[in-house]
Amino acid sequence: MITSKNLPSFDFIDSKGDVSSVDLSKNIKKIRYCAEAFQGKAESGDVIGICFQNCPDLVYWWLGALLAGLRPLMMQYPTNKQSREYWQSSVTDTLSKTGITSVVCSSEVESRIEEFSPGLAFSSPIRNSKSSKSFVLDDYSIIQLSSGTTGVRKAVAFSSTELHKHSKDFNEVLKLDETDVIVSWLPLYHDMGYVACFVMPLILGVKVAMMDPETWVKDKEILYRTIEKVRGTVCYMPNFGFEVMSKIAAPKMDSMRRWISCSEPVLEGTSKRFIESINSPAEHFSACYAMAENVFAMSMSVGIQTRNINDQSVISNGSAIPGVEIKIIDEEIWIRSPASLKCYLGGDNITDSDGFYPTGDLGEIHDGELYILGRKRDLLIQAGKKFILSSIDAAVNEILPEVKGRAATVVEVDERIGTSKPIVLIEASNFFSRTDHSKVKAQILDRTGLDYVEVAFVPPRFLTKTSSGKINRPKSLDHFKALQTGVEGAEVDPKLSIAREFGTLDQNHPVSEILDSLSSTVLRIILADTGVEYNPDMSLAEYNEALAKKVKSRTGAETEVFKIVSLADKRIFKKLEERDLKPLEDMLGCPIQFEHICLPPTPILFSDIIFMDYFAPRLENLEAFSSVWKQLKRLKAANLILIDDAAELHFSLTQNYPVLSHRLERDPNSDLLSFRWQSYVYKHDQLPISVVVGNTLDLADRDISIGAISQYLKTPVFRIATVKALTEFTTTWEYKSQVSISGGPLLKPLNIDNFISSLSNWITTLEKPISKSTVSGDRIQSKIDLNDLQHFCSWGINKASIDAVLDEYDTFCIAGGAYSLRYVSSRLKELGKPFSYVTSPSAEALKHAPDFDCLIVCGPTIPIETDKPVAAFMAGSSGSRMLNSGNQKLSHLHFRDDLVSCPTDDWYHLTKVDGQSKNVDIVQEARKQAVIERDANIERRKRSVQNDKGINRPSNTDATFGETEMSNKEKPETPEERVARVKADRVKERQAERQAERQAEREKTREGAKS
């Protein structure tokens, strides 16, 4: 029984190593408060979930649940080892199998569970009950889960009688008493941490010093420091924990009397290395065979003893503990004890006629001691020979020591060779550039005796792990097989996109009469790649009819083309015309298709490419990824990629970027990202994205990510340097014509003739002949598509400032897409305040919107045409500020802000993400200078227009506005010509901006067709 007066004390160790002691016997009021808090949420006998990090609240709620007559189940706390998707799947499975009535948890977990099971979870601060009456727990039951190594976790129920019996029997071997201190970093949602380091100590009255697993992960030495501080005597860890600790300098720790390795195969090499590293007698080390189906322990050794079995050195797990019986049937271990399970919760009896249950482990008994050979499910039979997958893993770890814990052998039946085929999946940061597959394969065959094996290098975080950190082989195999199908299912119907964007507008009038410039851009984006050309005289109904009739086909004649995809700032190609491509077309002997795509800088882009290739295929619903997939598909189709220093380097110093999370989780900070209308970000509000502050991406490392993309896509990259302030970072680039002060304002267009000539010459110097593409049709001509946004724009917006605006007004109109600044729409829904969307802040677009008190602009750059209050979170020339408010409190708000970057293990990167290694002040100063010159040019432009009769005629230098240099041989302009040119230039600039807006919006519309 557990009595309140005999409850032991627990020490909780924080991340700094500080110890907080809790004497449970003196905190009866807190335990009783927890019991009372369950009233109305669960009834006696119900299963109650408990989900906390290792902390006092977890212990109080567990004891409170028992006191309330409930059956507590420790649930896995979200960790970095697992993706959000896998955690949610695991929790959902647990709920279905255990019938959990309610979950008490931290507020963070409550919000997560609320997303898929509303009303189930609750969080509450623990107070003191009015009652301090002592209690005795002598008739209770708990639920625990198996590890899930073979797939999903299964639930097992144990009564207080079984728990007390097992604790008594195991303690005959352990000999724990009130002088012992168990030190643990183990999670309590697995049997080793739960039973050995929590339940048993409570039953036996043994002190525990515990820290959260994440604390140990970040600071391994804290375990040794804690043992010394609290005079620890017993410590349990899985084999990998001992391997990690064997590499850390150990203090004396003379209080320790037993180190117990359990819950995964105990390896001889690891065990001996550890004992040697701490200079301890081997008798202090024990290998324990345990599983949740028997409460915990079944056998345990004293010391390190090995035996050669099937040409493998296998470590002994000792003899059975009192009360446990072991037998071997067809090489499988079967167990019986007073506490061993008869059936899983809600399942059928799995024992044989004598009451033994099958463990699923293979083993042998020699001289009364048990030797574990591996999981039955992990038994590989190849050409009649037997192999254990964990043994193959061990061989891989010896061949490649740097991949320990990041390699796993999975098995599929290969019909081509008529036998089981082992596939060794190895996580490696340089997975895409590895060329040693054959060498590693040969070494594995040599060490293991396998006849055949396949080796595949995969990106970090690819392998799926269980909640205990073990490799989930079935899931990992499924995910590897999913790579064969990819993400081709992400296509959307453009007709649905038209309905989504323009469903409320007149369908029968020409679009020129009903759409403003930005909306027209959206339509152009939708029509891209459909074969239906944009025509302002057509109605929406006619477009839908044309799309319905258009049948895409690759049959018939085919033509070779050369596809150039530019990721450069579109402004440098301002003067590019189709006729300029003729020399390149003649050299290559085929038409040129030149396309501008607005994508994030290469460190972010490469990570997203890896996500779509390796992580997205495992997801069931890919619709939300359609725009990302489409843009990356275009990039992958390129025969040549162009990158410039303005889009790639300059803007990355001031932007906050979205990156697809390789943990498949959405960072709450990503809801504070505001985007322009680049096509790539459409539906980013629905994606698992995190935030990367651009200034943390070192400009000096950028050639590494550019080179990686070129190598990964097997596509040459031509780098264009035009910005003087960035010269230090572009010395090795292929084309250098640094005529622009800055990559921001006044970025000058290229001299197209020089550029085409340099590009042509460079192509002839490539080691391998440049590839070409094949497209349907026999009348393909060169074309230029510059519809997307100039460069990738993504800002972080201050949450407090947003809240101030949303609290001030009652109704809103949002100019921008739902993909931009998701926090606004989410918060307005919470507040119950009505809002609507329009494509742009133009008068034409706003006249279709319901009445509103405040206009929110989060993306569009075209002029704002309203006298109502405007929160320009992300506007064009209006910047990021409050307009027309008449409210002094709001007028001083600062909207744009740097957000907090996500953990660096959330995305794939090849270099450190910790800021600039070189001084970049010159870049910022150049931008300021360019802004000053731009503003001066605008003023000169205004004066020039006013002096339309030639009064105070400006000089030739003034006439250029700092954008292009006038040849000395050119005839000076007349005042009339100058006025006409200025107006024409401005019209052309605005048209270019709006065309780019359309391109991004066009992408977004078409991708959302199924929304």
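Which strand holds the place of I2? I2 sits in strand β1 (residues 2-3). The legends below describe a predicted model, in which local features need pLDDT of at least 70, side-chain atom pairs count only at pLDDT 80 or more, and totals for chains, interfaces and linings use all residues. Residues are numbered from 1 along each chain as its sequence is written, and side-chain values use heavy atoms, with hydrogens and water left out.

**View 1. The whole protein.** The protein has 30 helices and 44 strands; these are DSSP runs numbered from the N terminus, with helices being H or I of at least four residues and strands E of at least two. Of its 1011 residues, 57% count as buried, meaning under 20% relative accessible area with a 1.4 Å probe and protein chains only (exposed is over 50%, partly exposed in between). Among contacts (heavy atoms within 4.5 Å) with a separation of 6 or more, 72% come from residues 24 or more positions apart.

View 2. I2 counts as buried because its relative accessibility is 1%. Leaving aside residues up to four places away in sequence, I2 touches L7, F135, V136, L137, Y140, H164, L202 and I203. The C-alpha atoms of I2 and V199 lie 9.9 Å apart in space, although the two are 197 residues apart in sequence.

**View 3. Helix α1 and its cover.** Helix α1 spans residues 28-37 and is mostly covered, with 7 of its 10 residues buried. The buried residues are I28, I31, R32, Y33, C34, A35 and A37. Helix α2 (56-67) is included in what covers them.

View 4. V234 has R258 of β14 as its bridge partner. Strand β15 (residues 285-290) also pairs with β14 in the parallel sense, over 3 bridges, and A287 of β15 is the bridge partner of S261.

**View 5. Crossovers on either side of β14.** A right-handed β-α-β unit is made by β13, helix α9 (residues 239-245) and β14. Another right-handed β-α-β unit consists of β14, helix α10 (residues 268-278) and β15. A crossover is right-handed if, with the strands pointing away from the viewer, the path from the first strand over the helix to the second runs clockwise.

Technical notes
Pairing = 2+ DSSP bridges.
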